[in-house]
Amino acid sequence: MRLHIANGRLIDPANGVDGLHDLYIAAGRVVAVGAAPEAFQADRHIDAKSLAVLPGLIDLSARVAQAGNVGNAGHGGFAPAELRAALAGGVTRLVLPPDAESSPDEPTKIEALMRHTQAGQCAIHPLGAMTVGLAGETLTEMALLARAGCIAFAQGESLAADTRVLWGAMRYASGLGQTLWLRPQDPWLARGTSAASGPYAERLGLEGMPAQAETVALHTIFELQRATGARVHLSRLSTAAGVDLLHAARREGLPVTADVSINSLLLTDVDIGFFDTNHHLSPPLRGQRDRDALQSALADGVIDALCSDHTPVDARGKAAPFAAATPGATGLELLLSLALKWARDGRRPVGDALARITTGPAAVLSAVAPHLGPCGHLGVDAPADLCLADLDTEWMVMPAALQSRSAQTPFAGMMLPGRVRATVVGGQPAWETPV
């Protein structure tokens with residue numbers, strides 16, 4: 001399909017573009033910006049007047065797999081509601097972490113997962129499991145998983161309990177030129193906790209997770225990196241002390257990138273209120289000093305990207321007492337708006353917010369999986385993945401109106417800036433927000 005997107009405000013942080021420019025698309029790629037190519041005949045014209053034309057968003061942590069089915073013959077694939085949520089949020093590319101129900105630890109599971117990707121859906125980049133088995137003491141065949149489609153290797157919500165296993169995984173990954181995608185959380189210090197340690201958790205009588213759960217893990221990761229040369233991406237950094245350690249590691253030249261979730265970026269532990277389980281998240285919400293450090297690190301580029309940490313949880317999972325509730329929240333449809341809120345509250349340019357959900361994560365993917373090719377921009381010959389958004393609108397988060405099968409979010413009832421109106425994937429219109 002040949003598209004002509006006219007009269008829109010093109011904002012492309014990677015190319016330094018912010019202005020009124022028409023966009024011309026053919027064969028799934030951008031063929032011109034501004035003036036039409038010679039003899040170009042569009043199959044469809046889209047009038048983007050009063051809208052911004054943005055690169056498709058890239059989310060480095062979102063769970064969209066059909067729970068319990070991945071890899072099973074005749075099932076597998078992705079939950080349709082979560083794919084709709086991605087498109088409704090303008091997300092055209094996402095990283096799928098492993099979880100307890102759908103851990104991709106064999107090539108057949110990865111192949112089954114990828115068979116269910118379809119044209120018009122956002123691109124899915126699965127992370128392979130780092131270990132196999134209940135004890136987690138045996139490394140997976142990373143080379144085979146990489147050939148099957150994994151872009152990196154992850155362990156889940158905590159580091160491997162056995163440091164020797166992590167050391168072996170780093171050596172293996174380094175030899176293959178692969179990346180470990182790690183959540184920096186010590187499993188022993190995190191065990192049995194449901195909130196961040198501090199006065200507020202104590203007041204509520206909740207078992208708190210100390211900041212040292214993150215810093216101990218980071219010290220371990222960086223020390224093993226020095227020994228092995230392995231590349232690491234840190235998923236969902238959450239503490240000020242962790243930011244300081246990341247900053248030092250970057251100055252040292254260690255091959256490390258990092259992201260932060262929208263939850264940790266904008267909320268603190270006091271938002272838990274009176275045991276609101278929608279605020280039971282992983283990592284747990286921390287104090288204002290941590291939130292401020294994360295915001296500064298994202299603005300300064302110490303943290304590379306902002307992610308949704310989309311984790312669908314049903315109402316039953318949140319109906320338990322706070323400590324027993326299932327951690328997680330929906331986030332795909334909120335990523336753009338919450339990024340804009342971060343920029344607005346900090347009086348930063350809109351382009352800064354967009355860069356953290358387009359060019360920032362694109363640079364991470366380029367370092368982790370260069371074979372994927374360029375993404376996150378709308379220059380000539382770029383993939384025609386984009387969204388149209390009304391940056392001037394304000395909308396209230398009404399969970400029941402979201403596309404995700406999960407209506408659980410700590411941002412329910414909040415007024416947010418900016419709303420995606422349409423999403424294009426591979427040059428094909430894939431989503432239009434109902435009026």
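Colleague: How many bridges join strand E20 to strand E21?
Modeller: Eight. This is a predicted model. In it, E20 covers residues 386-396 and E21 covers residues 415-425, and the two run antiparallel.

Colleague: Which residue is the bridge partner of Cys387 in E21?
Modeller: Thr423.

Colleague: And what sheet do they sit in?
Modeller: An open sheet of six strands, ordered E3-E2-E7-E20-E21-E22. The pairing is mixed. Strand E3 (17-20) and strand E22 (428-432) are the edges, each pairing on one side only. On average, neighbouring strands are turned by 30 degrees against each other, direction ignored.

Colleague: Which strands does helix H1 touch?
Modeller: E21 and E22. H1 spans residues 80-88 and packs on the sheet, with its direction at about 105 degrees to that of E21.

Colleague: Where does H12 lie?
Modeller: Across strand E7 (52-55), E20 and E21. H12 is residues 335-345, and it runs at about 135 degrees to E21.

Colleague: Switching to the core. Which residues have the most contacts inside the largest nonpolar one?
Modeller: Leu94, Leu180 and Leu234. That core has 84 residues. H12 gives the most to it, with seven residues.

Colleague: What is Leu180 in contact with, leaving aside neighbours within four places in sequence?
Modeller: Its contacts include Met130, Met142, Phe153, Leu166 and Met170. Arg231, Val232 and His233 are also among them.

Colleague: Last one, Lys109. Where is Lys109 found?
Modeller: In helix H2, residues 107-115.

Colleague: Why does Lys109 count as partly exposed?
Modeller: Because its relative accessibility is 25%. Buried means under 20% and exposed means over 50%, so that value falls in between.

Colleague: How far apart are Lys109 and Leu145 in space?
Modeller: 9.2 Å, C-alpha to C-alpha. In sequence they are 36 residues apart.

How values were computed. Residues are numbered from 1 along each chain as its sequence is written. This is a predicted model: local features need pLDDT of at least 70, side-chain atom pairs count only at pLDDT 80 or more; totals for chains, interfaces and linings use all residues. Side-chain values use heavy atoms; hydrogens and water are left out. Two strands pair if DSSP finds at least two bridges between them. Helices (H or I, at least four residues) and strands (E, at least two) are DSSP runs, numbered from the N terminus. Axes are lines fitted to C-alpha atoms, for helices over the stretch in contact, and angles run from 0 to 180 degrees between N-to-C directions. Contact means heavy atoms within 4.5 Å. Buried means under 20% relative accessible area, exposed over 50%, partly exposed in between (1.4 Å probe, protein chains only). A nonpolar core is a set of buried Ala, Val, Leu, Ile, Met, Phe, Trp, Tyr and Cys residues joined through side-chain atoms within 4.5 Å.
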